[in-house]
Amino acid sequence: MFDYDEIRAYKDHEVNAVLASLLNDPDFLNFVAQQAYPKLNRVMSFWLQKNIRKKLKLQFDDIHNVCNWQNTIAPYVESIIEKTTDRFTIKGIEHLDKNKTYLFISNHRDIAMDPMLVNYALLSSGFSTCKVAIGDNLLERPFVAKLMRLNKSFVVKRAISARREKLEAVQTLSSYIHESIKQKQSVWIAQKEGRAKDNIDKTDTAVLKMLHMAGRKLGWDFKDSMTFLNVVPVSISYEWDPCDLDKAKELVMTANHEAYEKSQDEDFQTIVKGLKGKKGHVTIQFSKPVKLDSNQADDWGRKIDEDIYSGYDIFDSNKLAKNILDGNTPINQSKYQEWLARFSKVDDENYQQVLKNYAEPVRHLKND
């Protein structure tokens with residue numbers, strides 16, 4: 001038996017104690033004040049945080065389980081969508097059965113928004129929300145870790161170098177995901193570790209092999225594990241990426257063999273930027289559950305990739321980037337003006353990377 005306590009999402013009976021601890025966390029209260037009243041918080045932080053604590057306590061008093069919590073924050077998620085997107089589209093939900101459990105494997109663009117949007121799409125369509133796999137690099141701030149684990153997130157340990165410990169962590173992770181599916185709790189996981197900063201969405205077969213570990217212990221073939229997990233590829237498409245330039249700069253530095261070191265609190269700031277930044281049109285596309293008569297991880301990976309790309313929404317921003325890269329005159333002038341306003345001050349090397357990133361979905365489809 002595995003001990004899941006270090007990685008698991010919070011259980012219903014733990015919710016009240018976790019919420020109480022948040023009310024006594026100055027870092028959490030300061031964050032809420034900064035987001036809600038940025039100017040006022042600079043001059044009246046103590047008074048403001050004291051009043052925010054009172055208001056939150058009234059809300060928290062009515063929350064006694066994870067479902068209560070998610071229903072309470074749903075309007076805030078809806079508000080983020082309304083403020084930062086021009087349109088939010090859900091496709092393929094008809095492929096899913098509310099009485100079945102799924103392992104959602106998706107491309108990964110935004111740290112917090114991707115699983116948040118998938119869960120919102122499920123919840124707003126009458127489905128139960130899913131558990132969410134997150135990297136331990138996102139949990140440096142204790143209140144962030146608590147909020148995420150309240151929201152059905154479980155931890156993928158990445159900061160492990162010792163071989164034996166790494167193997168144990170991967171086996172525990174695989175077992176936890178299988179156990180969640182067995183308990184009729186769907187799960188979301190990215191197709192590879194970290195965001196695809198270059199927008200090349202290719203499933204890492206190491207992820208699929210990790211998922212099979214728990215099944216292999218039971219004597220299952222690879223396809224038995226995948227069939228049990230009921231894999232559903234999910235395509236997440238953003239017209240505009242709030243972190244597009246940050247990603248381009250990191251890729252350029254890496255290509256130039258320059259050392260890229262994350263600044264202090266960078267992951268947290270990236271989460272905030274992704275939540276608050278303008279995204280234009282956003283689409284979530286659920287594919288049909290994968291049915292494949294193969295025991296090869298590569299075959300399953302290719303099928304997941306095909307479904308993710310075929311479900312991808314190609315926006316004007318993608319077409320425009322491909323158009324510019326090809327040396328053609330942009331046809332959509334209004335979108336071109338929006339493009340120029342966004343990237344006119346970017347140096348050429350980073351600009352070329354931005355173009356490649358936005359054009360990638362179009363290039364991939366044409367290569368197919």
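Is D293 buried or exposed? At 68% relative accessibility, D293 counts as exposed; here buried means under 20% relative accessible area, exposed over 50%, and partly exposed in between (1.4 Å probe, protein chains only).

1. Basis of the note. The model is predicted, so local features need pLDDT of at least 70 and side-chain atom pairs count only at pLDDT 80 or more, while totals for chains, interfaces and linings use all residues. Residues are numbered from 1 along each chain as its sequence is written, and side-chain values use heavy atoms, with hydrogens and water left out.

2. The sheet. Seven strands form an open sheet with mixed pairing, in the order β1-β7-β6-β2-β5-β3-β4. Helices (H or I, at least four residues) and strands (E, at least two) are DSSP runs, numbered from the N terminus, and two strands pair if DSSP finds at least two bridges between them. β1 (85-91) and β4 (153-156) are the edge strands, each pairing on one side only. On average, neighbouring strands of the sheet are turned by 25° against each other, direction ignored. Helix α5 (residues 66-84) packs on the sheet and touches β1 and β7; the direction of α5 makes about 120° with that of β1. Axes are lines fitted to C-alpha atoms, for helices over the stretch in contact, and angles run from 0 to 180 degrees between N-to-C directions.

3. Strand β5 and its partners. β5 pairs with β2 in the parallel sense over four bridges. Within this pairing, A190 of β5 is the bridge partner of S106, and F104 stands opposite W188. Strand β3 (residues 131-135) also runs parallel to β5, joined by two bridges, and K131 stands opposite V187. In a regular strand the side chains alternate between the two faces of the sheet. In β5, V187 and I189 point one way and W188 and A190 the other way, and all are buried.

4. The whole structure holds 21 salt bridges, a salt bridge being a side-chain nitrogen of Lys or Arg within 4 Å of a carboxyl oxygen of Asp or Glu. One of them joins the side chains of D201 and R109 (2.7 Å, N to O). D201 lies in the loop between β5 (187-190) and α9 (205-217) and R109 in the loop between β2 (103-106) and α6 (113-124), so the pair ties together parts that are 92 residues apart in sequence. D201 is buried at a relative accessible area of 2%, and R109 is buried at 4%.

5. Further salt bridges. D293 and K223 meet through their side chains (2.6 Å, N to O). D293 is in the loop between β7 (280-286) and α13 (297-310) and K223 is in helix α10, 70 residues apart. K223 is partly exposed, with a relative accessible area of 25%. D241 forms a salt bridge with K247, whose closest N and O atoms are 2.6 Å apart; D241 is buried at 11% and K247 at 2%. A network of salt bridges links D5, R8 and E14.

6. Two helices in contact. The axes of helix α8 (residues 163-182) and helix α10 (residues 222-229) come within 10 Å and cross at roughly 50°. That angle makes α8 oblique to α10; angles under 35 degrees count as roughly parallel, over 145 as roughly antiparallel, 65 to 115 as roughly perpendicular and the rest as oblique. I177, H178, I181 and K182 of α8 make the contact with S225, F228 and L229 of α10, where contact means heavy atoms within 4.5 Å.
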